[in-house]
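Try each one before reading its solution.

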Amino acid sequence: MGSETDSAAVPPPDRKVLREAALAHLARFATTRQGLEQVLLRRIARWERSALKAGAEQEDVRTAAAALRPVVEAVAEEMIRLGAVDDAAFAQARARRLVRSGRSGRAVQAHLAARGVEADVRDAALQEVVEGFSPAEVELSSALVLARKRRLGPFAGVPSLRPPRVAPQEEEGGYGLSPEAVEERRAMGILARAGFGRDVAQRVLEMDPAEAQEWMERLRAES
């Protein structure tokens with residue numbers, strides 16, 4: 001009985017509590033303004049559930065939670081002024097990491113958009129993702145990274161840790177095709193699903209291994 005009374009008496013998080021929660025999160029993770037606001041809103045949602053479970057009136061809880069939304073925005077604004085939240089810096093760092101892991105420009109755009117990064121900031125991040133590389137060269141390099149991971153095209157001769165996956169030709173609509181043609185179709189599908197255009201995929205798959213290695217070395221040199 002006493003436990004329920006104590007829980008019901010716990011006030012909603014105020015600006016000080018939300019500011020401390022923001023600083024604690026930012027000490028561990030880089031994020032965007034939208035990302036930080038979502039963290040704080042989840043903090044408020046946890047309080048809402050606790051208050052309702054403790055017997056607080058639903059209308060009172062909803063009113064208190066709604067009143068905290070402007071506080072969340074104010075805390076986020078303060079973190080931006082302090083330099084702890086910087087959408088542009090986040091986008092640049094995340095785009096660089098994603099490109100070097102084999103993600104296409106389309107996939108990087110989607111990833112950043114989901115985190116609330118504005119379109120112009122996303123575009124600028126992709127323009128600057130690899131110093132000295134044009135956007136087309138960045139896309140090609142990223143596709144080569146994925147090809148190396150999946151042992152496609154110029155990297156097909158590198159031993160893979162995965163067991164070979166051979167699908168029946170009839171099921172793939174490839175009845176009568178040579179094994180090479182079936183493999184090329186599979187490789188094109190992998191690159192297409194990752195967001196790479198057909199022209200980029202075709203160039204990657206037809207690239208000489210020595211040239212592909214030169215691109216990989218260039219990418220590492222610019223990292």
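**Exercise 1.** Work out how many helices and strands the protein has, and what share of its residues is buried.

Solution. Start with the secondary structure: this predicted model has eleven helices and zero strands. Next, burial: of the 223 residues, 34% are buried. Finally, check the surface, which comes to about 13,300 Å², with carbon and sulfur atoms supplying 52% of it.

**Exercise 2.** Decide whether Q202 is buried or exposed, and find what it touches beyond its sequence neighbours.

Solution. First place the residue: Q202 sits in helix α10, residues 198–206. Its relative accessible area is 19%. The cut-off for buried is under 20%, so Q202 counts as buried. Skip neighbours within four places in sequence, and the contacts of Q202 are E184 and M188. Now zoom out to the helix: V200, A201, Q202, V204 and L205 of α10 are buried. Their cover includes α8 and α9, the latter spanning 179–193.

**Exercise 3.** Find which residues form a positive surface patch, and classify K149 by its accessible area.

Solution. Begin with the patch members: R97, R103, R115, R148, K149 and R220. Then locate K149, which belongs to helix α8, residues 135–150. With a relative accessible area of 42%, K149 falls between the 20% and 50% cut-offs, so it is partly exposed.

Note on methods. Residues numbered from 1 in each chain as written. Predicted model: local features only at pLDDT ≥ 70, side-chain atom pairs only at ≥ 80, totals over all residues. Heavy atoms only, no water. Patch = residues over 30% accessible without salt bridge, like charges linked within 9 Å, V, L, I, M, F, W, Y side chains within 5 Å. Areas by Shrake-Rupley, 256 points an atom, 1.4 Å probe, with all protein chains shown as cover. Salt bridge = Lys/Arg side-chain N within 4 Å of Asp/Glu carboxyl O. Lys, Arg positive; Asp, Glu negative; His and termini not counted. Charge placed at Lys NZ, Arg CZ, Asp CG, Glu CD. Helix = DSSP H or I, 4+ residues; strand = E, 2+ residues; numbered from the N terminus. Buried < 20%, exposed > 50% of the residue type's maximum accessible area, 1.4 Å probe, protein only. Contact = heavy atoms within 4.5 Å.
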